[in-house]
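I opened this entry to work through the fold step by step. Notes follow in the order I looked things up.

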Amino acid sequence: MNNSKFTSHCLADVKFNDDLNIVMCGNHIGGKEIIEFLLKNGVKFKYFVTIDKQTAIKNKVSGFYDYTAMAAKNNIPVYYCERFDLKSEKDIDFFKKNGFDLLVQGGWQRLFPQEVLDSLKIGALGTHGGADFLPKYRGRSPLNWSLIENKKRFIMQLFLMKSGADDGDIIDWFKFDINVFDDINTLYKKYAISIKYMILRNINDLKNKNASFKRQNGIPLYYPKRTNKDGQIDWENMYIDDIYNLVRATSEPYPCAYSFIDEKIIKFIKVRVFDTSLLYLNASYGEIVEIFSDDTLLINCLGGVLLIEKYKYDSDLRLGDKAIFSEV
């Protein structure tokens, strides 16, 4: 199994067999381009399974995307699950009654119950990745964690799901770079490119039972769940590069890295390392040392000064204002 079968024109010879009973489960913006691409390339979905906005808010789903309009545009019926984890009797009965062949994800942040997986004739396609092959970097938010940890590559993998977290046998893989200019939004674009081509080029082999599988080897390594509190910047202890990585990993549609100025929250959406030689010897870490005419800011950091290009703050900022870490 290798990545050499992918080229920019690899879809020229793809003939998708559309007689499969396929269901899409999704609720995240990361899946939008993938599902749109599959629809444009002949993949026919019999149902969309998703959650409504209130369920997304209740479960604190960052990057929620409502698939209702896409479903209506393509005349696809929508099933709004009773429970986000699909464990209600009604949800399980829905899958059993429809007898789907294949499940494709459009961004789903929960494990699928074994009863749902058992109802599928072929199985559920899972996608996951990290800086190395599974079982390394299983778990939550691998794209965000990869930016925070300053990883230089990402290997997206396609597999048939089992009941555990990201533990299925690998069908295909796709490697892309993480460069110094990437943020969570550009990584989601690379993520979408990798997944949409992997799914399309493997559906027929799965249907015809010609797909090859590679078992995961090694000791698993898991990323933990991230919370909003993990996005707070510790100016006294975080180096400038670490702050930059945190901001680009948690930018919109995520809650954003943040601090407090005068007990009000300031969210950092876009920043860059401005300089590592300019010294503001009398400034504290986290202190605003320059305000430019375009409203961008310079903040003094361990190791240099950070240019704040886009941020959210409810009041006017002044030179000398200090962003601080709050223990509350």
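Which residues does Phe-45 touch, leaving out those up to four places away in sequence? I am working from a predicted model. I found Phe-45 touching Ile-22, Val-23, Met-24, Ile-35, Leu-38, Leu-39, Ile-76 and Val-104.

**Cores**

I then looked up the largest nonpolar core. It has 71 residues. Ile-35, Leu-38, Phe-45 and Phe-48 have the most contacts inside it. Helix H7, residues 184-207, gives this core its largest share, 12 residues. I checked the core against the domains as well. It takes at least three residues from domain 1 (22-223) and at least three from domain 2 (228-322).

**Domain interface**

Next I turned to the two domains. The chain is divided into domain 1, residues 22-223, and domain 2, residues 228-322. I read 34 Å between their C-alpha centres. On the domain 1 side, 16 residues are in contact with 10 residues of domain 2.

How much area do domain 1 and domain 2 bury between them? I got about 1100 Å², with 50% of it on carbon and sulfur atoms. In domain 1, the residues losing the most area to domain 2 are Ser-62, Leu-147 and Ile-148. Together they make up 33% of what that side buries. Helix H6 (142-148) and H7 each supply at least two residues of the domain 1 side that touches domain 2.

I also went through the polar side of this interface. The rule finds 0 salt bridges across it. It does find 9 residue pairs in polar contact, both partners at pLDDT 80 or more.

**Helix H8**

I picked H8 (240-250) next. Is this helix mostly covered or mostly open? It is mostly covered, with 9 of its 11 residues buried. The buried ones are Ile-240, Ile-243, Tyr-244, Asn-245, Leu-246, Val-247, Arg-248, Ala-249 and Thr-250. I noted that Asn-245, Arg-248 and Thr-250 are on this list. The cover over the buried residues includes H6, H7, E10, E11, E13 and strand E14 (304-312).

**Backbone checks**

Where are the cis peptide bonds I logged? One runs from Leu-134 to Pro-135, with omega near 20 degrees. Pro-135 is in the loop between strand E5 (123-130) and strand E6 (138-139). Another joins Glu-252 and Pro-253, with omega about 15 degrees. Pro-253 is in the loop between H8 and strand E10 (257-261).

I then looked at positive phi in residues other than glycine. Glu-263 has a phi of about 65 degrees. This residue is in the loop between E10 and strand E11 (264-275). Is Glu-263 buried or exposed? Its relative accessible area is 77%, so I put it down as exposed. Asp-295 has a phi near 75 degrees, again positive without being a glycine. I placed Asp-295 in the loop between strand E12 (288-291) and strand E13 (297-301). Asp-295 also counts as exposed, at 53% relative accessibility. The cut-off I used for exposed is over 50%.

Technical notes:
Residues are numbered from 1 along each chain as its sequence is written. This is a predicted model: local features need pLDDT of at least 70, side-chain atom pairs count only at pLDDT 80 or more; totals for chains, interfaces and linings use all residues. Side-chain values use heavy atoms; hydrogens and water are left out. A nonpolar core is a set of buried Ala, Val, Leu, Ile, Met, Phe, Trp, Tyr and Cys residues joined through side-chain atoms within 4.5 Å. Buried means under 20% relative accessible area, exposed over 50%, partly exposed in between (1.4 Å probe, protein chains only). Helices (H or I, at least four residues) and strands (E, at least two) are DSSP runs, numbered from the N terminus. Domain bounds come from an automatic or database domain assignment. Contact means heavy atoms within 4.5 Å. Buried area is the accessible area (1.4 Å probe) that two parts lose on being put together, summed over both. A salt bridge is a side-chain nitrogen of Lys or Arg within 4 Å of a carboxyl oxygen of Asp or Glu. A polar contact is a pair of N or O atoms within 3.5 Å; within protein, one must be able to donate a hydrogen and the other to accept it, and residues adjacent in sequence count only if both atoms are side-chain atoms.
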